[in-house]
Amino acid sequence: MIAIASDHGGFELKKEIMKHLEAKGYALKDFGTYTTDSCDYPIYGEAAARAVASGECERGIIICGTGIGISISANKVKGIRAALCADCYSAEYTRLHNDANILALGARTTGSGLALKIVDTFLSTEFEGGRHARRVALISDIEDRERA
C-alpha cells in the first residue's frame, strides 16, 4: 500500500499520479486533500508519514507546490526519511543509499511527465543496504537522541 497526500497546490498532480499508479496495479491510500481549496500542507504530510511510520503503508508520496514544506513536515515523524526529488537520478539514489520511505514532489516545479517517471523510479528501486545501512542507522540514532 502506498500512502499519497497533497495540499491544494499538489492536488492536480496527486490525481495524475494516482491514476498512473492505479493503472499499474498499486494499492493507494489517499490522505487528502480532496479539493483545490486552500489548506495547510503539514496536516497531509503528517498523515501520510504516520501511515508509513506505523507500517500501514510501505512507502509514501507527498506533494505540495514546491515539495519543501510537506517534506519538512513529514520528516518530523520518527522513522520517516522523506526526500524531495526533481529528477530520476535523485529518486533512484535516495532509495539505493538512503532507504527513503517517502517521495516528495513539487507540483509547481516539476512537470507531470517527469513526476511520473520520478515516481516509477522511486517505487521500483530497492535499498542497497551494505555500508548504506550503517549510515541510515546513524540517521536513526540522531533522531533517537533528538527525541530523548
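**Cysteines**

I find 0 disulfides in the structure, a disulfide being a pair of cysteine sulfur atoms within 2.5 Å. The model is predicted, so local features need pLDDT of at least 70 and side-chain atom pairs count only at pLDDT 80 or more, while totals for chains, interfaces and linings use all residues. Residues are numbered from 1 along each chain as its sequence is written, and side-chain values use heavy atoms, with hydrogens and water left out.

Cys-85 is buried at 2% relative accessible area (buried means under 20%, exposed over 50%, partly exposed in between, with a 1.4 Å probe and protein chains only).

**Cores**

I looked up the largest nonpolar core, which has 21 residues; Ile-17 and Leu-21 are among those that touch the most other members. Such a core is a set of buried Ala, Val, Leu, Ile, Met, Phe, Trp, Tyr and Cys residues joined through side-chain atoms within 4.5 Å. A second, separate core of 19 residues includes Cys-39 and Cys-64.

**Largest pocket**

Which residues line the largest pocket? I list Asn-75, Lys-76, Ile-80, Arg-81, Ile-139, Ser-140, Glu-143, Glu-146 and Arg-147. A pocket is an open set of points on a 1 Å grid over the protein atoms alone, where a 1.4 Å probe fits, with protein on both sides within 12 Å along at least five of seven lines; lining residues have an atom within 4 Å of a point.
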